[in-house]
Protein chains: 2
Amino acid sequence: MVQNKRPTDGKRRGRPRAYDPETALRQALDAFWKTGFSGTSLDDIAQATGMNRPSLYAAFGDKHALYLKALDQYWRDSIEAMRDILDRKLPLAETLMLIFDRALDIYFSGDGAPRGCFAVGTAVTEAVEDAEIRATLTASLNRLDGNFDALIRAARARGEIAPDADPASLAILATATVHTLALRARSGVARAELQRLARRAVTVICGREPLDVQPSSG
Amino acid sequence: MVQNKRPTDGKRRGRPRAYDPETALRQALDAFWKTGFSGTSLDDIAQATGMNRPSLYAAFGDKHALYLKALDQYWRDSIEAMRDILDRKLPLAETLMLIFDRALDIYFSGDGAPRGCFAVGTAVTEAVEDAEIRATLTASLNRLDGNFDALIRAARARGEIAPDADPASLAILATATVHTLALRARSGVARAELQRLARRAVTVICGREPLDVQPSSG
DNA sequence: TGTTTAATTTACCAATTCGCATAATACTAA
DNA sequence: TTAGTATTATGCGAATTGGTAAATTAAACA
């Protein structure tokens with residue numbers, strides 16, 4: 001139990017892996033994203049990853065554990081995307097619009113039909129009966145609310161919005177906007193329409209329209 | 001093909017039904033509500049309704065048709081609940097709060113753990129791959145937006161909100177509030193907290209807090 | 001070269017799933 | 001009674017599902 005796995009150093013002993021774990025996890029995520037946890041069989045995932053079931057099992061554990069790892073991967077990606085935008089320290093309206101736009105990037109990513117938010121589209125369904133999934137959902141809800149709250153609080157301190165505005169309330173509406181985008185994207189609403197919707201939400205929350213800014217960092 | 005089913009008049013011919021179709025449909029709805037379309041087997045539904053699979057099949061068609069009927073039942077209930085509230089013709093703030101409260105009634109109905117919105121929790125998952133489900137989702141999204149838009153437009157005409165406020169934008173935020181409530185309820189957030197959240201949303205949308213009114217008609 | 005290690009491949013298992021065919025049942029009509 | 005009809009009950013069957021055991025393969029090591 002002292003060192004059953006050496007780091008990435010040197011060559012590993014036995015037969016080399018035929019897959020890259022992170023790539024495989026992303027492919028499994030894609031499979032779950034399309035048809036949900038219950039609607040995706042291990043055969044589907046085996047096909048999506050090019051692995052067979054025993055390898056899948058050895059790498060990630062059973063179906064449930066694999067799903068949780070995929071969900072975790074999704075959270076990490078989302079958090080990173082959010083941080084990238086917050087780091088740019090733009091005014092509130094532009095920051096919100098970038099966040100919504102970036103969310104739409106994710107919701108409209110992938111080859112097939114738009115899939116919306118992975119968590120909203122798949123984890124929420126399982127949340128009723130699955131305490132673990134439910135716990136990660138609430139954690140992420142709180143994180144999103146908290147991020148928006150801090151963002152809006154700072155903007156108010158800079159005088160960007162009315163001094164009597166309530167940051168917590170506006171934060172809730174920002175989160176709600178993300179949620180409605182997530183749901184609508186998975187329901188087949190076109191991206192352009194959702195972009196207009198997001199713009200309207202920003203305008204109400206901030207009291208002015210957002211200016212156009214470069215999506216990528218710079 | 002002329003009259004293979006007489007109305008409710010007189011006695012029906014063969015062995016009488018052991019179930020009430022609407023009750024059974026509601027029980028099937030409950031089963032799907034908890035575990036989603038893919039996560040609910042026909043055996044689960046047979047247990048929930050007390051019917052056996054052949055009867056289920058004869059009454060509602062296959063699993064997919066049954067699900068669509070359950071979803072439709074849910075829409076009808078929602079529409080009726082909404083109309084009941086709109087018929088009271090209260091001011092905007094109180095109307096919105098009643099709608100959100102009524103939504104929470106639905107999201108926290110049932111015996112087990114809170115299930116949120118049936119459509120959000122189960123139909124959205126299937127929507128990516130299922131055009132029929134997706135179509136009813138978009139229809140209902142548009143209906144909700146439209147209802148809120150008309151409501152807010154009328155309120156503005158009565159002078160309840162600022163004359164320069166944009167009804168369409170506020171309607172989107174109202175819909176978004178419903179969506180965030182639906183998601184959060186299914187993610188395990190307590191009802192009291194969601195009530196406070198709804199209150200904040202109403203306050204931002206209307207510019208004032210809603211007054212307490214009787215939930216039921218009167 | 002042979003041994004050890006770690007992965008893959010094949011094949012299997014028990015359980016579940018959806019759907020249906022058939023038989024039994026309960027009622028009306030004549 | 002008897003026939004006709006609409007339902008329920010039983011049980012089958014082909015396919016799928018999640019999971020695993022056993023055999024095979026590919027590399028490092030000595």
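Two residues are in contact here if their C-beta atoms, placed from the backbone, lie within 7 Å. The model is predicted. By that criterion, chain A puts 40 residues into the contact and chain B puts in 40 residues. On the side of chain A that touches chain B, the elements giving two or more residues are α1 (21-39), α6 (118-127), α7 (131-157), α8 (167-186) and α9 (191-206) of chain A. The largest share of this side, 13 residues, is that of α8(A). Sorted by class, the side of chain A that touches chain B consists of 17 nonpolar, 16 polar and seven charged residues.

The next site is DNA strand C. Two or more residues of the surface near DNA strand C are given by each of α3 (53-60) of chain A, α2 (42-49) of chain B and α3 (53-60) of chain B. With four residues, α3(A) supplies the largest share of that surface. The classes in the surface near DNA strand C are 12 charged, nine nonpolar and six polar residues.

Why is helix α6 (residues 118-127) of chain B largely enclosed by the rest of the structure? Of its 10 residues, 10 are buried, so the helix is largely enclosed. A residue counts as buried if 20 or more other C-beta atoms lie within 10 Å of its own. The buried residues of α6(B) include B:F118, B:V120, B:V124 and B:E126. Also among them are B:G121, B:T122 and B:T125.

Notes
Residues are numbered from 1 along each chain as its sequence is written. Chains are lettered from A and ligands numbered from 1 in the order in which they are written. This is a predicted model: local features need pLDDT of at least 70, side-chain atom pairs count only at pLDDT 80 or more; totals for chains, interfaces and linings use all residues. Ala, Val, Leu, Ile, Met, Phe, Trp, Tyr, Cys and Pro count as nonpolar, Asp, Glu, Lys and Arg as charged, and the others, Gly among them, as polar. A residue is buried if 20 or more other C-beta atoms lie within 10 Å of its own, exposed if 12 or fewer, and partly exposed in between; C-beta atoms are placed from the backbone.
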